[in-house]
Structure formats: structure tokens, C-alpha cells
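Hi,

Here is the structure I promised to pass on.

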Amino acid sequence: RSKRPAGAPDRKLARPVTKVGVVGAGLMAGQLALLFARQLKVPVVLTDIDQARVNKGVNYVHAEVDKLLARKRISADAANRTKALVSGSVSKEAFADADFVIEAVFEELNVKKQVFAELEAVVSEDCILATNTSSLSVTAMAADLKHPERLVGFHFFNPVAVMPLLEIVRAPHTDDAVLATAFDLARTLKKTGVLVKDAAAFVVNRILLRLMGEVTAAFDEGTPADVADTALKPMGLPMTPFTLLAMVGLPVAQHVQESLHAAFGDRFPVSANLHKLIDNGVKGLWEEGPDGSRS
Ligand code: CAA
């Protein structure tokens, strides 16, 4: 018998999850849909604001499954089954019979609160609502819910398929059955669920951003990104800081910096260059060529 994770309620309280909803069809949402379909093996429906985005999300999942198949990581049967489990819709009505709906929309409190208000109008009484926020307050997100006891933070890391950790956030009203279900799901998804306090950027990003804050400060002061990256390579990091920034995406990184700055002040500086790069529409810091070259 495996040990119960610290702070996790009795597993017997966990409720079954037979259909999952994912709000948003962006990169994080697509990765979540793939993970749930592949590991939990239940129908997963993705929604977004228009059909083009929905199609992009579903196509992403199909393409990732094809890559796994090409690398012989899954059988042809499993590939077909996984693809068939994932569908898309522009309407949240598609979540009417879901037991667990997770949002991975824009990292803005009011946007997330609006999503949850819309969800509560369509989901069943027992449906669990989860947020993949990386830095916002789960407590604040629950404030206007009719059923705040059903909300839980469920924070994955990029790339979702390979990063083993899952931060599970309990808000003041989250009930034990919801939390037990979150831990049970983490197990089924083959992730290590850890209970973290609802504090700005939780635990991992708070630690990571101390390093990233210094790296982006050096960049702001004139050290070129590739010099900072090269200097840090011998430290044995799995990914150098700017590669990590490019993968996470500048807007998300900026939101995390801002949340931490608001909570802890100058210990967490907000990089002026991230603003500049975002204002100029630069999504990643550079494009990586097929040979690893950067432009
Ligand atoms: N999607 C799916 N699978 C991926 C992947 C991706 N984007 N990138 C790598 N993989 C898979 C590879 O296919 C490979 O799988 P197989 O063993 O089945 O072939 C496996 O991961 C290992 O990959 P590689 O050998 O190519 O590369 P690696 O040894 O450099 O590992 C890595 C890749 C695991 C991503 C590693 O570079 C790493 O750990 N990077 C740091 C990632 C990190 O810190 N993430 C946290 C970001 S912060 C965040 O997400 C929080 C937030 O809220 C903002």
C-alpha cells in the first residue's frame, strides 16, 4: 500500500471521474487534454471561443499522439483510442455531463472568474472545477462561486507529458471529497501530487522565479540572453533559463513575475524587457531552427 501524500484526505472519499472538460484550447490545454485522454482513458472535451481555436487544440492532440506512435511509445490501438476520446466544442454546454472541468485560459483573475461563472451555469452539482493557474489566488477565484467547495488548484508544469510534479491547491472552502479526487486523479495521471498553500505562485514558481528574476535582471542590465544562457549551462540545469522562458511563453512568465512582485516586492523584480518583448509581439525569445540554431 502506498503512503498517503501529506495533507491528502482518505482516498475512499475520492469520486469517480468519467468525463473531463478542458476550457481553453491553447498549448497548456492541449497538453492537458492529451494527458487525461491517455492516462485516465475517459472522454475529454476541449472548448474555446471559436471553432478555429477548438480545431487547433484537437489537431494538436492528434499530432502529439501521432508522434508518440511514430516513436513506438504507444500501440496503434492506444493511439486510435486516445484520439477518439478527445473532442472539441465552442459551447460549454458540452460539459453538462462532465465530472471534472479544468480551465487553462489566459492568466487573468477576472477572465478565470468569468469562466467559472459560466461553468457553474452548465455543469452538474457534483462537478469538480479546477484551475491550472500558475500564480493567481485560488481563494479569489472561488469568492463568487455558488459552490466554492468544488474548486481546487491543479497546477501542471511544462512540458506536461514529462514533468512529474502537480501542485494541488486547497482553497478555504475546498471540501475533502474534492481534494481526495484531485489526489486520486494525480495518481492515475502518473503525477506526484503535492499539497501547497494558496500563496502567490505556490511553491515551485516562487523558487524558480528567484533565479529567473536575477537572470532577467542581468538581461535588463545589458547581458545578452545567449551569454547568460551559456554561462549557466555548466550548472547542470535541465534547460537553460531563456530556453525555459521561451517554452513557458513570455506572457505567462510576466504574469508570474507580476504576481510575485505584488506579493513580495523587490525580491521578485518584474523585467522591463519582458514587457518590451511582449509589446512587440515576440512570443518566444528566439526561433529555434531544426539544427538547434537560434535566430
Ligand atoms: N512534449 C512532450 N514530450 C516531451 C517534450 C514536450 N515538449 N519535450 C521532451 N519530451 C520528452 C521526449 O520526447 C523524451 O521522451 P522519451 O523518453 O519517451 O523519448 C523525454 O521527454 C526526454 O526528452 P529529451 O531526451 O529530448 O530531452 P531532455 O533530457 O532535455 O528532457 C525536459 C527534456 C524533460 C523537458 C528537460 O529539458 C527539462 O526538465 N526541462 C525543464 C522543464 C521545466 O523546468 N519545466 C517547468 C517550467 S515552469 C512551468 O511550467 C510552470 C509555470 O506555471 C509557468
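Helices (H or I, at least four residues) and strands (E, at least two) are DSSP runs, numbered from the N terminus. Keep in mind that this is a predicted model, where local features need pLDDT of at least 70 and side-chain atom pairs count only at pLDDT 80 or more, while totals for chains, interfaces and linings use all residues. Residues are numbered from 1 along each chain as its sequence is written, and side-chain values use heavy atoms, with hydrogens and water left out.

Helix packing first. Axes are lines fitted to C-alpha atoms, for helices over the stretch in contact, and angles run from 0 to 180 degrees between N-to-C directions. Under 35 degrees counts as roughly parallel, over 145 as roughly antiparallel, 65 to 115 as roughly perpendicular and the rest as oblique. For residue classes, Ala, Val, Leu, Ile, Met, Phe, Trp, Tyr, Cys and Pro count as nonpolar, Asp, Glu, Lys and Arg as charged, and the others, Gly among them, as polar.

Helix 2 and helix 3 (residues 76-85) have axes that come within 10 Å and cross at roughly 170°, so the two are roughly antiparallel. On the helix 2 side you'll find His62, Val65, Asp66 and Leu69, which meet Ala76, Ala79, Thr82 and Lys83 of helix 3. By class, that contact splits into four nonpolar, two polar and two charged residues.

Helix 2 (residues 51-70) also packs with helix 1 (residues 27-40), at an angle of about 55° and with the axes 9 Å apart, which makes helix 1 oblique to helix 2. Helix 1 brings Leu27, Gly30, Gln31, Ala33, Leu34 and Arg38 to this contact, and helix 2 brings Tyr60, Val61, Glu64, Val65 and Leu68.

Further along, helix 7 (residues 204-220) and helix 10 (residues 250-264) pack at about 100°, their axes 11 Å apart, so helix 7 is roughly perpendicular to helix 10.

Now the inside. By buried I mean under 20% relative accessible area, with exposed over 50% and partly exposed in between (1.4 Å probe, protein chains only). A nonpolar core is a set of buried Ala, Val, Leu, Ile, Met, Phe, Trp, Tyr and Cys residues joined through side-chain atoms within 4.5 Å. The largest one has 42 residues, and Phe156 is among those with the most contacts inside it. Helix 1 supplies the largest share of this core, nine residues. Leaving out residues up to four places away in sequence, Phe156 touches residues including Met28, Leu32, Leu35 and Ile102.

Most residues other than glycine have a negative phi, and most peptide bonds are trans. Asn158 and Pro159, however, are joined by a cis peptide bond, with omega about -10°, and Pro159 sits in the loop between strand 6 (151-155) and strand 7 (165-170). Ala201 has a positive phi of about 60°, and Phe202 has one near 55°. Ala201 is in the loop between strand 8 (192-196) and helix 7, and it counts as buried at 0% relative accessibility. Phe202 counts as buried too, at 3%.

Ser259 lies in helix 10 and is buried, at 16% relative accessible area.

Cheers

Definitions and conventions: Contact means heavy atoms within 4.5 Å.
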